[in-house]
Amino acid sequence: MPSFKGKGQRPKDPVPDFIEGDWTTTQVQFMTLTDAAAQKDRLVMRRGREIRQACEMVKNFRSLYPDSPIYIARNPDRSQTFLRWRWTKAAGQARRVELSSPEIAGHLRKLPSDALADFARYEEYRSNFNLRIATLTYEAARLEDHMRLVSTVRQMQRLARQSGSGRPADKT
């Protein structure tokens, strides 16, 4: 890393405008604060819509299978696994379960084929939903980080303009 204490030539722009090469499957766009804030707002609104739909789906499951010892529930913690399967207290110890576990698979095999198909559809929805929510939450958090960083960079640029050249004075 070159020293910028006044010796030698300072590069015109040490940061490239873009990165060449296909290093990711996602196209990275450099956003202004306004663009990032608007995108974050869209993500938060979409996340809210998704959560409302998931809550309706949970109610729908409970109305279809009110006596089922296994049910879908909202996860109260802050993990990105918003929907989880639960084992009712009446069926034993209330706890989180996975439909793929051997214990639960044994119970599922006893279900009629149409109920088993419903459980499979709900599991597919739950899995896809959790992925969407985790992705939306992560992207909104990264946009927030980006906006904070851009604000800091803007402050640094203002300070540099106010102090003149933006370079520390030569101490020779």
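Trainee: At 32% relative accessibility, what does S151 count as?
Mentor: This is a predicted model, where local features need pLDDT of at least 70, side-chain atom pairs count only at pLDDT 80 or more, and totals for chains, interfaces and linings use all residues. Residues are numbered from 1 along each chain as its sequence is written, and side-chain values use heavy atoms, leaving out hydrogens and water. Buried means under 20% relative accessible area, exposed over 50%, and partly exposed in between (1.4 Å probe, protein chains only). At 32%, S151 therefore counts as partly exposed.

Trainee: In which helix is S151 found?
Mentor: Helices are DSSP runs of H or I with at least four residues, and strands are runs of E with at least two, numbered from the N terminus. S151 is found in helix α3.

Trainee: How far apart in space are S151 and L33, C-alpha to C-alpha?
Mentor: In sequence, S151 and L33 are 118 residues apart. In space, their C-alpha atoms are separated by 7.9 Å.

Trainee: Is α1 roughly parallel or roughly antiparallel to α3?
Mentor: Helix α1 (residues 33-64) packs on helix α3 (residues 113-162) at about 160°, with axes 9 Å apart. The axes are lines fitted to C-alpha atoms over the stretch in contact, and angles run from 0 to 180 degrees between N-to-C directions. Angles under 35 degrees count as roughly parallel, over 145 as roughly antiparallel, 65 to 115 as roughly perpendicular and the rest as oblique. So α1 against α3 is roughly antiparallel.

Trainee: How far apart are the end C-alpha atoms of α3?
Mentor: The expected span is 1.5 Å times one less than the number of residues. For the 50 residues of α3 that should be 74 Å, which agrees with the end C-alpha separation of 73 Å.
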